[in-house]
Amino acid sequence: FSISTYNKMWTDAQKDLDIQLQREREEFLQPEKDRVKVFKMLATSYIKYMQIFRNLETAHDQLIHRQKRTVIRQVLDGVIGRILEMKKEMVELENSEFHYIDNILEDLKLLPEDIEVPIPRYFVKEKLEVLQQREKMLDQILLNAGLQTQKPVKAMAFEEAIKMIQVAERARQGRRRAAFMKQIYLEEKRERQTKLQVQMGPNPDDAATCIQKVWRGYIQRKKTEKMREEEMIFLGMSLLPHSKGTNISQIHAGQINALQGKVKEIHEEVFIKDKLREAEGLSIKETLQDQISQCFIECRHIIGKFPDYPTEEAGGSMAILSQRTPEQVAAELAAKKEMALQKKSQKGKKEKEEGKEKIKGKSSQNTGKKEEEEGWKMAPSNFLSIMEEGSSQYKAVWQNRDDGWDFLQDHDPELIKEEKREEVEEEIRVQVDELMQQKLENLKLAVDGEKSNKQKKGRKSEKEREGGRMSNVMSLVHRTIDSLYRELVEEGLLIKAKTVNLSDYVGEYSYLGTTLRQVDIEPMPSLADVRQLIALYGILPLGSQTVHEKAPLVKALLLAGPAGVGKKMLVHAICTETGANLFNLSVSNIAGKYPGKNGLQMMLHMVLKVAKQWQPSVVWIGDTEKIFSKAVPKAEAEMNPKRLEKILPKFLKALKAQDRVLLVGTTSRPFDANLKPFCKVYQKIILIPRPDYASRFGKYFNQVLWKHIILQNGGAITDLLNISCLAKMSDGFTQGHIVQAVQAVLSELRLLQMTRKPLKTVEFMTSLARQDPVYKEEEETFK
């Protein structure tokens, strides 16, 4: 039943995707002047893609069929990338990272929860073993270095310790004496009862009543159990008795498959590959030899001599068997000569163009005006082709495929054969290349009288050059990644991320955004908006290599907001959701480490090398405004906070699209920084506000921030605790303030008293009143 459900979900998602692709071909190719209409088109497409993304992700996670998962994964990466492209267009259109589309959601009859960005579970699932091994290694290094975080032991005075032992010992003795006295009392009672029974004798009526009581209780329990089972079967919430056996066996089989899945996959693939090699290997080998021999003969007929055999780097015999006619080869050679001549002529033109930059600047302004006159047009996409290819593959292979014969629904042997046939052909082609290369040399010697010594000389000269280059490489290159990793951990630059999910960042959607913007008031972003941006700019690109390479590249991200709003928590959430390494390059953390310019360069080179090798990685800089501060306070002068200012842009420049490395800065005082270099490094800035009333109280009771934190710290919610009052009175306080207030109230003693003395609203209000809130003036400064 579940497999058919998720297959249907995949089918529905593919249909929705086809409709959406058709809409894009019709709507986005034509220029549009009305910016409101453009934004509505983009927002609607964004919502539709988000729904498709959600369904595809669920189907990918739940289906166990390997080939189906591969096809879904391809389309899923395409949809994620397209969502990021849509987001970029929306940001450029509105000049804001935050969008308010509640009116569009209302038109589509959807809830804000429907546009919540789902985090693909395969980000962590597919590399779970690697992450677990890396975590063990990190724990071992921290333990050996004495850096493993342990709970601090409270220091206690000698007299206080003696008093505590005395109290505990007296309590123990009291309990033992009470138990001893109870035992004596029970023994005396038993003796009295036995004496009475001896005198009176056993009563048959009492014995019969006892037996009847036990029997009737047993019969009634059985009847009740049977009635409940019949009711559940009638409601469709339980299986019939005869089908339960098969269901249990299927569950058991599923558990075994889950445990032995990987081993089975490997054995299945190896078995199919061996069978293919036995059945088709000889015919493939003969066919390849015949084709290559024919190519040699044709080439000698056209050119007048045998060709040189292509090297393995050039593709070997694949370069010969590229299905091109001799005329096409000649045409390509002529085209290459023309390209070489054109490049020479372009070099002269470039010098002339450098002198005309000012004129070009003016012309670019004119073109910008022309574009405005023509209207908005969607930028070309890197993901439409991926989605279309995945969609066509689904239609060609899976849409009308009958899976009824496949009971396990875990793989298709025929499709594996097609995949493995290519691998077998490649292995045989390498063997054939060795044979045919020798055959070609023999033919050249026999027919033309040539000896092929040129290639050997060329190879020697290349090796000599490589040797010369390698002598100039820095000493760090020769070190292993494990040794660099160990050094960074021991120095405290690579730290262990806390296990925090993005869903733990509790916050509600803002329902007044569109209304406020209509009266020219820029609303403060909600916590749900922040959660969305973290998922879009931080988690989704880091989790998928394809998305990171082709989507709009975000190298650096700045989280700005008052102290206690959860900036560090969001950094740890990015690492948890993607399985990323966490590097801490905060000013306070790198102070006194790797001194001097050369030391700083070496430190960043080590971080970059480990981050790239074991990607994804997050490089976190806490209190990042200190690096770009206008004036360094005397108290912080020793830490040399500005040492990273000039080298950070170079660090970002070294990151390419294929490197899944993200720089994340956090700041509670961004207004202290020199804004020009600050904004040059952090081109994506996310403002994190204090929680509003909706986030503190919540639309649904299980989403209340206060309730979430109280339950997390072991408290219990009763009618005596007015959550609405707490949410109203905590206006201006951050999540950090609320956590501190709750933890101050819920001490160990208070938790023990919870059953007889329930929590009251006043307790939390008293604790909260001792803290300073975030005032409106500070909030406006952040805006």
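This is a predicted model: local features need pLDDT of at least 70, side-chain atom pairs count only at pLDDT 80 or more; totals for chains, interfaces and linings use all residues.
Residues are numbered from 1 along each chain as its sequence is written.

**Colour by confidence**

Start with pLDDT, the predictor's confidence in each residue, from 0 to 100. The chain averages 77, and 74% of its residues reach 70 or more. Now select residues 350-364. The pLDDT there is below 50, and beyond near neighbours in sequence the stretch has 1 contact (heavy atoms within 4.5 Å) in the model. Move to residues 452-474. Here too the pLDDT is below 50, with 4 contacts beyond near neighbours in sequence.

**Select Leu93**

Leu93 sits in helix H3, residues 66-94. Helices are DSSP runs of H or I, at least four residues, numbered from the N terminus. Leu93 has a relative accessible area of 10%, so it is buried (under 20% relative accessible area, 1.4 Å probe, protein chains only). Show its surroundings: leaving out residues up to four places away in sequence, Leu93 touches Arg35, Val38, Phe39, Leu42 and Trp376. Draw a C-alpha to C-alpha distance to Arg35: 7.7 Å, across 58 residues of sequence.

**Select Gln735**

Gln735 belongs to helix H28, residues 735-745. Gln735 counts as buried because its relative accessibility is 10%. Its side chain reaches the backbone oxygen of Val565 at 3.3 Å. Beyond neighbours within four places in sequence, Gln735 contacts Tyr505, Leu527, Gly564, Val565, Pro691, Leu705 and Ile709.

Terms used:
Side-chain values use heavy atoms; hydrogens and water are left out. Helices (H or I, at least four residues) and strands (E, at least two) are DSSP runs, numbered from the N terminus. Buried means under 20% relative accessible area, exposed over 50%, partly exposed in between (1.4 Å probe, protein chains only). A polar contact is a pair of N or O atoms within 3.5 Å; within protein, one must be able to donate a hydrogen and the other to accept it, and residues adjacent in sequence count only if both atoms are side-chain atoms.
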